[in-house]
There are 2 protein chains.
Amino acid sequence: MDLFSAIETRTSCRQFLPDAVDRETIDRILAAGVRAPSPLNSQPWQFIVIRAPAIRQAIYAEAQRCIAWAIEQSGWKWLSKYKTDFLLQAPVLVVVVGDPKKTGMDMFQEEGTVGYQLACAAAIQNMLLAAHALDLGSLFFTLFDKNQLRRILDIPKEKTPVALVCIGKPKDPQNPAPRKDSKEKTVYLD
Amino acid sequence: MDLFSAIETRTSCRQFLPDAVDRETIDRILAAGVRAPSPLNSQPWQFIVIRAPAIRQAIYAEAQRCIAWAIEQSGWKWLSKYKTDFLLQAPVLVVVVGDPKKTGMDMFQEEGTVGYQLACAAAIQNMLLAAHALDLGSLFFTLFDKNQLRRILDIPKEKTPVALVCIGKPKDPQNPAPRKDSKEKTVYLD
């Protein structure tokens, strides 16, 4: 698939078919992930590929708990309509775990260490595009409490679960969500 | 360019030719950026495209100040060899500014609001790939103090300059930097 087509036609998928995704395909998606840039080429990512039903169920329960809690905090009642069944449906979940020690020079900066998380997000974008080029749908998902995900997946407290990527065959044809034109978001200083 | 080729052959460029990059090309790169996913499709990015020499000089001076300060904090003397001349050489600098209010539900989470920055990083990865497919080099750069960049570019304190992307014709042929195999970074929970 052409790069620009991939970027323009990729969209977030929230309904998946149960069809299995083979390990070679998953590895190809992860190999695309690690080609992202990172501070001092520190490659601060690790991947936990989850297909075990009991673990998926625990992650689903955590997302439900988070939604209930967010409704309480925010008063956003529409949130109760936000279903996270894709956590059970998608045949593959990949948790991307970042290492805050691999964050480059921002470890010395006042506004905190975020470089390693930016690198993980860049890796995830590569993964989403790669999945799309392989005719798979994907979702960049962050609705979990980091400590709860550490507990479920036995991630040491020194590492940060940055996001979870759902991957699988889309149930329906995918239509890209609308975006504001980039020109409305841009100023030129010439 | 094929998506997988783009992902595999893109690399960070630190030496640029002075050749101008036209506005249509810049707009095409930014249009790729806005196709990234974001929390609740909030599109938390804005772009400041800088070609003015005086502003580039101020950003260069800030990077130099940051390096001197990081050496003092870290004792990493090798840092003194890290040149940031690309901030003066690259014909285009794009500062990607994020809006912390557009961060989705993580605004209620204990570990703070980072969702909008992850979305900006995903947008930047699209931009790096788009630049590469258009035969341009690029660099994802974050060595600045956010408050100093706010001051130089008149960015309100409610917004966050997430990163700066240098774009231009590469001076030399680009060889991708090595990566650890993704399999070394992956565990499967089946």
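Visitor: What mean pLDDT does chain A have?
Guide: This is a predicted model, and confidence comes with it. In chain A, 98% of the residues reach a pLDDT of 70 or more. The mean pLDDT of chain A is 94.

Visitor: How many helices and strands does chain A have?
Guide: Start at the N terminus of chain A and read the elements in order. They run α-α-β-α-α-β-α-β-α-β-β. The count for chain A is six helices and five strands.

Visitor: What radius of gyration does chain A have, and why does it agree with a compact globule?
Guide: The C-alpha trace of chain A spans about 45 × 40 × 40 Å along its principal axes. A compact globule of 190 residues would have a radius of gyration near 16 Å, so the value for chain A agrees. That value is 17 Å.

Visitor: What share of the contacts in chain A with a separation of 6 or more joins residues 24 or more positions apart?
Guide: Take the contacts in chain A with a separation of 6 or more. Then pick out those between residues 24 or more positions apart. They account for 79%.

Visitor: Is strand S4 of chain A mostly covered or uncovered?
Guide: S4(A) covers residues 160–168. Nine of its nine residues are buried. S4(A) is mostly covered.

Visitor: Which strands of chain A are joined to S4(A) by bridges?
Guide: Strand S2 (residues 92–98) of chain A runs antiparallel to S4(A), with seven bridges. Here A:Val92 stands opposite A:Ile167. Strand S3 (residues 137–141) of chain A is also antiparallel to S4(A), with five bridges, and A:Phe141 stands opposite A:Leu164. The strands asked for are S2(A) and S3(A).

Visitor: Which residue of S4(B) stands opposite B:Phe140?
Guide: In chain B, nine of the nine residues of S4(B) are buried. Seven bridges join S2(B) to S4(B) in the antiparallel sense, and B:Val97 stands opposite B:Pro161. Strand S3 (residues 137–141) of chain B is antiparallel to S4(B) as well, with five bridges. Opposite B:Phe140 stands B:Val165.

Visitor: Which element gives the most to the side of chain A that touches chain B?
Guide: In the interface, 66 residues of chain A are in contact with 66 residues of chain B. Elements of chain A that each supply at least two residues to this side include helix H1 (3–9), helix H3 (53–74) and helix H5 (115–133). The side divides into 36 nonpolar, 15 polar and 15 charged residues. With 11 residues, the most comes from H5(A).

Visitor: Which residue in S5(B) stands opposite A:Ile50?
Guide: S1(A) pairs with strand S5 (residues 186–189) of chain B. The pairing is parallel, over four bridges. Opposite A:Ile50 stands B:Leu189.

Visitor: Which residues of chain B does A:Phe108 touch?
Guide: A:Phe108 lies in the loop between S2 and H5 of chain A. It has 16 other C-beta atoms within 10 Å, so A:Phe108 is partly exposed. Not counting residues up to four places away in sequence, A:Phe108 touches B:Ala70, B:Gln73 and B:Ser74.

Technical notes. Residues are numbered from 1 along each chain as its sequence is written. Chains are lettered from A and ligands numbered from 1 in the order in which they are written. This is a predicted model: local features need pLDDT of at least 70, side-chain atom pairs count only at pLDDT 80 or more; totals for chains, interfaces and linings use all residues. Two residues are in contact if their C-beta atoms, placed from the backbone, lie within 7 Å. Ala, Val, Leu, Ile, Met, Phe, Trp, Tyr, Cys and Pro count as nonpolar, Asp, Glu, Lys and Arg as charged, and the others, Gly among them, as polar. Two strands pair if DSSP finds at least two bridges between them. The radius of gyration is taken over C-alpha atoms; the globule rule is 2.2 Å times the number of residues to the power 0.38. pLDDT is the predictor's confidence in each residue, from 0 to 100. A residue is buried if 20 or more other C-beta atoms lie within 10 Å of its own, exposed if 12 or fewer, and partly exposed in between; C-beta atoms are placed from the backbone.
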